[in-house]
Amino acid sequence: MSKYMTKQRRILTEYLAKHTDESLTANTIAEALSDTISKSAVYRNLAAMENEGKLRRVAAGNSREVFYQYTDSDSCREHLHMSCKRCGKTYHMEQSIAKLLIDNLDKKENFSIDKGETILYGICGDCKKGKAHQ
Ligand SMILES: [Zn+2]
Ligand SMILES: [Zn+2]
């Protein structure tokens with residue numbers, strides 16, 4: 001990979017940064033940017049960003065489509081993520097709760113969680129209430 005950011009890459013990154021923690025398919029992204037970037041360039045850049053660890057690939061619901069989540073923002077690196085298996089939405093765990101969890105694991109299991117790398121999977125509040133959009 002070249003070190004400089006191409007114009008396409010910059011536009012894509014700006015778009016993704018506005019949609020942090022949303023699960024987007026490559027297709028959704030390509031359509032939103034269709035005025036400025038070709039579809040093949042979107043796919044190519046998404047793959048590159050995934051390789052660099054800036055994007056997370058997530059599976060949502062029963063969909064066969066691949067969803068991407070942008071996780072390179074500063075706030076994401078500071079948070080533990082909770083991902084809903086039903087709707088694919090990701091939430092930031094409240095800092096005080098995350099701290100309790102991390103401290104307890106560290107003390108009692110002698111295990112240090114890597115916040116930026118950890119996702120807890122489950123069902124979110126909206127889905128439990130039956131408000132899922134899917
Ligand atoms: Zn996040
Ligand atoms: Zn959900």
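## An exposed loop residue

Asn110 counts as exposed, because 7 C-beta neighbours lie inside 10 Å of it; a residue is called exposed if 12 or fewer other C-beta atoms, placed from the backbone, lie within 10 Å of its own, buried if there are 20 or more, and partly exposed in between. The residue lies in the loop between H5 and S6, where helices (H or I, at least four residues) and strands (E, at least two) are DSSP runs numbered from the N terminus. Most residues other than glycine have a negative phi. Asn110, although it is not a glycine, has a positive phi of about 55 degrees, and its position is just after the end of H5.

Asp114 is placed in this loop as well, between helix H5 (95-109) and strand S6 (119-122). Asp114 is exposed, because 8 other C-beta atoms are found within 10 Å.

## The model and the chain as a whole

This is a predicted model, in which local features need pLDDT of at least 70 and side-chain atom pairs count only at pLDDT 80 or more, while totals for chains, interfaces and linings use all residues. Residues are numbered from 1 along each chain as its sequence is written, and chains are lettered from A and ligands numbered from 1 in the order in which they are written.

The chain has 6 helices and 6 strands, and from the N terminus on these follow one another as α-β-α-α-β-β-α-β-β-α-β-α. Its C-alpha atoms fill a box of roughly 50 × 40 × 20 Å along the principal axes, and of its 134 residues 18% are buried.

## Helices

Helix H5 has 15 residues and spans 20 Å from its first C-alpha to its last, close to the 21 Å expected at 1.5 Å a residue, where the expected span is 1.5 Å times one less than the number of residues. Of these 15 residues the number buried is 0, so H5 lies largely in the open.

Helix H1 (residues 7-18) packs against helix H3 (residues 39-51) at an angle of about 75 degrees, with the axes 10 Å apart; axes are lines fitted to C-alpha atoms, for helices over the stretch in contact, and angles run from 0 to 180 degrees between N-to-C directions. The two helices H1 and H3 are therefore roughly perpendicular to each other, a term that covers angles of 65 to 115 degrees. In this packing, Gln8, Arg9 and Leu12 of H1 meet Ala41, Val42 and Asn45 of H3.

## Two open sheets

One open sheet has 3 strands in the order S5-S4-S6, with mixed pairing, and two strands pair if DSSP finds at least two bridges between them. Strand S5 (90-92) and S6 stand at the edges with a single partner strand each, so one side of each is left without a neighbour in the sheet. Strand S4 (residues 81-84) pairs with S5 in the antiparallel sense over 3 bridges, and Met82 stands opposite Tyr91 in S5.

Another open sheet of 3 strands has the order S1-S3-S2, with antiparallel pairing. Here strand S1 (24-25) and strand S2 (55-58) are at the edges. S1 is joined by 2 bridges to strand S3 (residues 67-70), in which Phe67 is the bridge partner of Thr25.

Methods: Angles under 35 degrees count as roughly parallel, over 145 as roughly antiparallel, 65 to 115 as roughly perpendicular and the rest as oblique. Two residues are in contact if their C-beta atoms, placed from the backbone, lie within 7 Å.
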